[in-house]
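Have the viewer open while you read.

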Amino acid sequence: MQIQLDSQPYSQIQADAVVTYVFDRENKLDGVAGEIDRAMDGRLGLLAASGEITGKPLELALIHFPQGLGAQKLLVIGAGKPAKFTVADLRKIAGAAVRFLKTRGVKNMVFLTRESERGPDAAQAVVEGLIVADFESDKYRTDKKNREIQTVALAGFDGAQSAKLNEAIERGRVIADSQNFARDLINEPSNLLTPRMLAEKAEAMAKEVGLGIEILDERKINELKMGALIGVAQGSVEPPRVIVVRYVPETTPVGAPTLALVGKAVTFDTGGISIKPANNMEKMKYDMGGGATMLGAMRALAYLKPKVPVIAIIPATENMPGGRAQKPGDVQVAMSGKTIEVINTDAEGRLILADGITYAKKLGATHIIDAATLTGAIEVALANVHVGAFGTPREYLDQFLDSTKAVGEKMWPMPMDEEYQEMIKSNIADIRNTGSGKGGGAITGAWFLKEFAEDTPWIHLDIASTCWVDEGRPWLAKGPTGVAIRSIVDFAMKL
Ligand code: BES
Ligand code: ZN
Ligand code: ZN
């Protein structure tokens with residue numbers, strides 16, 4: 001998809017469709033909408049009067065052969081109340097336009113922003129919306145439809161700011177492409193994405209964008225005594241890997257923090273000996289979503305160049321019930337030396353992250369973010385709306401939540417009170433890998449991770465219910481979402 005600023009009057013840009021949006025303000029068509037209405041001899045106003053165009057969020061009205069415009073089609077999208085409108089809405093509007101028009105033969109479109117959205121933030125959001133919406137999960141279909149929006153002209157922007165706008169467009173492209181890169185990985189079936197194959201893909205990406213990369217194989221993993229990861233991996237014939245990706249800024253200020261991004265990459269989670277039911281088990285190919293998220297974030301950071309060093313650590317394994325698999329009740333010694341009673345082999349994500357977090361600290365991490373499809377319980381708490389965000393100290397989490405708001409990703413802070421820590425005490429080891437009480441499964445999972453992060457500022461994102469959606473949205477295909485990448489990138493850029 002080619003996206004370019006176009007400073008010509010929008011009515012003169014050659015395209016199949018012009019897209020713009022109207023606010024819900026009692027049918028008053030003003031500014032650009034008023035202008036288009038006048039060119040159409042008041043026909044837009046007639047549609048508004050008849051109730052077809054109300055400005056309700058994401059309402060779509062397609063007008064054919066609009067008078068006064070060069071294009072064959074005019075798509076008018078509802079933007080909601082102007083007082084509530086943010087760039088997050090603009091991102092969705094741009095996305096909805098792509099998803100609607102690509103099924104209607106449109107190849108070239110003009111996206112026209114309104115008077116209130118003429119600056120770089122708006123441009124970045126539009127580009128992100130366009131590219132993320134263009135993603136389809138049809139890689140393995142032999143009858144692909146090949147519907148494609150080839151060019152988008154961005155109109156309505158402030159010509160005096162074109163240098164800043166072009167930078168913003170580039171930023172938007174990098175972030176959205178990185179989000180789609182992660183979504184591609186998340187979509188891969190487990191027979192085509194084993195831990196070794198994931199490592200190869202990470203390597204190819206790192207080489208392409210100029211990041212450092214090191215792959216720890218089973219020998220190195222043994223040498224480092226990553227007992228929690230080994231315990232999970234031993235049930236599979238596929239060997240585990242730990243993927244370590246490094247971004248180093250040109251000059252690192254003394255005393256600069258080092259951010260570590262630790263991502264769960266279970267390329268398939270059968271549950272192990274505590275095996276999962278067959279129903280929906282195929283979805284467990286996306287149990288590497290946390291790892292893919294961190295690879296996507298690293299890809300973006302390679303281009304955006306934050307001021308501080310960033311390391312991604314991605315433990316990758318299958319969770320299988322093979323003859324050598326660990327069994328409920330087994331005790332494993334994690335890399336940190338802590339002993340873990342494995343009550344349920346299906347709570348494997350926290351085990352591999354335990355060693356990932358310990359390794360991050362060994363590599364000098366001063367700040368940690370982990371992302372994981374960790375618990376079904378987070379869906380009970382927050383459905384598929386918010387990512388569950390945990391962290392200590394609280395100020396560190398709050399700082400991260402500021403980034404989530406800035407980029408329009410919904411995340412909700414979850415409690416970390418010590419009562420929950422009690423629930424992972426074991427009778428025979430230091431800790432157990434499931435909560436002993438009733439409920440609070442996402443929180444006891446987080447507490448398990450904190451036992452390894454200890455006092456290092458740490459954030460845990462439980463993306464189990466948000467990394468994948470079963471139903472498409474007007475601005476997003478069903479399947480992998482790429483959630484959390486934008487927030488992590490924004491946070492790293494501000495550190
Ligand atoms: N990968 C699952 C969590 C999951 C569930 C991800 C649904 C995406 C959708 C994780 O490894 C798991 O099985 N967690 C268990 C933990 C329990 C045994 C304490 C769970 O949530 O049931
Ligand atoms: Zn599991
Ligand atoms: Zn899992």
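## Ground rules

This is a predicted model, where local features need pLDDT of at least 70, side-chain atom pairs count only at pLDDT 80 or more, and totals for chains, interfaces and linings use all residues. Residues are numbered from 1 along each chain as its sequence is written, chains are lettered from A and ligands numbered from 1 in the order in which they are written, and side-chain values use heavy atoms, with hydrogens and water left out.

## Around ligand 1

How many residues surround ligand 1? There are 16, and the closest are Lys276, Asp287, Asp346, Glu348 and Gly376; to be near, a residue needs a heavy atom within 4 Å of the molecule. By class, that shell splits into 7 charged, 5 polar and 4 nonpolar residues. The bookkeeping is that Asp, Glu, Lys and Arg count as charged, while Ala, Val, Leu, Ile, Met, Phe, Trp, Tyr, Cys and Pro count as nonpolar, and the others, Gly among them, as polar.

The side chain of Asp287 puts an N or O atom 2.8 Å from a nitrogen atom of ligand 1, and a polar side-chain atom of Asp346 lies 2.8 Å from an oxygen atom of the ligand. For Lys264, a side-chain N or O atom is 3.2 Å from a ligand oxygen atom. On its own, ligand 1 has 520 Å² of accessible area, and the protein covers 78% of that (Shrake-Rupley method, 1.4 Å probe).

## The six-stranded sheet

Helices (H or I, at least four residues) and strands (E, at least two) are DSSP runs numbered from the N terminus, and two strands pair if DSSP finds at least two bridges between them. With that in hand, 6 strands make an open sheet with mixed pairing, in the order S1-S6-S5-S2-S4-S3. Strand S1 (2-5) and strand S3 (60-64) sit at the edges, each pairing on one side only. On average, neighbouring strands here are turned by 20 degrees against each other, direction ignored.

Inside this sheet, S5 (residues 108-112) and S6 (residues 151-155) run parallel and share 5 bridges. One of the bridge pairs is Asn108 with Thr151 in S6.

## The three-stranded sheet

Another open sheet has 3 strands in the order S12-S13-S17, again with mixed pairing. Its edge strands are S12 and strand S17 (431-432), each pairing on one side only. S12 (residues 330-333) and S13 (residues 339-342) run antiparallel, joined by 4 bridges, with Val333 standing opposite Thr339. Their hairpin has 5 residues between the strands, and Gly337 takes a positive phi near 100 degrees there.

Is Gln326 buried or exposed? Its relative accessible area is 3%, so Gln326 is buried (under 20% is buried, over 50% exposed, partly exposed in between, with a 1.4 Å probe and protein chains only). The side chains of Gln326 and Gln332 make a polar contact of 2.9 Å; such a contact is a pair of N or O atoms within 3.5 Å, and within protein one must be able to donate a hydrogen and the other to accept it, with residues adjacent in sequence counting only if both atoms are side-chain atoms.

Helix H15 (residues 485-494) is mostly covered, with 8 of its 10 residues buried. Among them are Arg486 and Asp490, along with Ile488, Val489 and Phe491.

In the loop between strand S20 (479-480) and H15 you'll find Ala484. Ala484 isn't a glycine, yet has a positive phi of about 90 degrees. At 0% relative accessibility, Ala484 counts as buried.

## Other backbone spots

Glu454 also takes a positive phi, near 50 degrees, without being a glycine. Glu454 sits in the loop between helix H14 (441-453) and strand S18 (458-462), and its 43% relative accessibility makes it partly exposed.

Finally, the peptide bond from Thr392 to Pro393 is cis, with omega near -10 degrees. Pro393 belongs to the loop between strand S15 (387-392) and helix H12 (394-407).

Methods:
Axes are lines fitted to C-alpha atoms, for helices over the stretch in contact, and angles run from 0 to 180 degrees between N-to-C directions.
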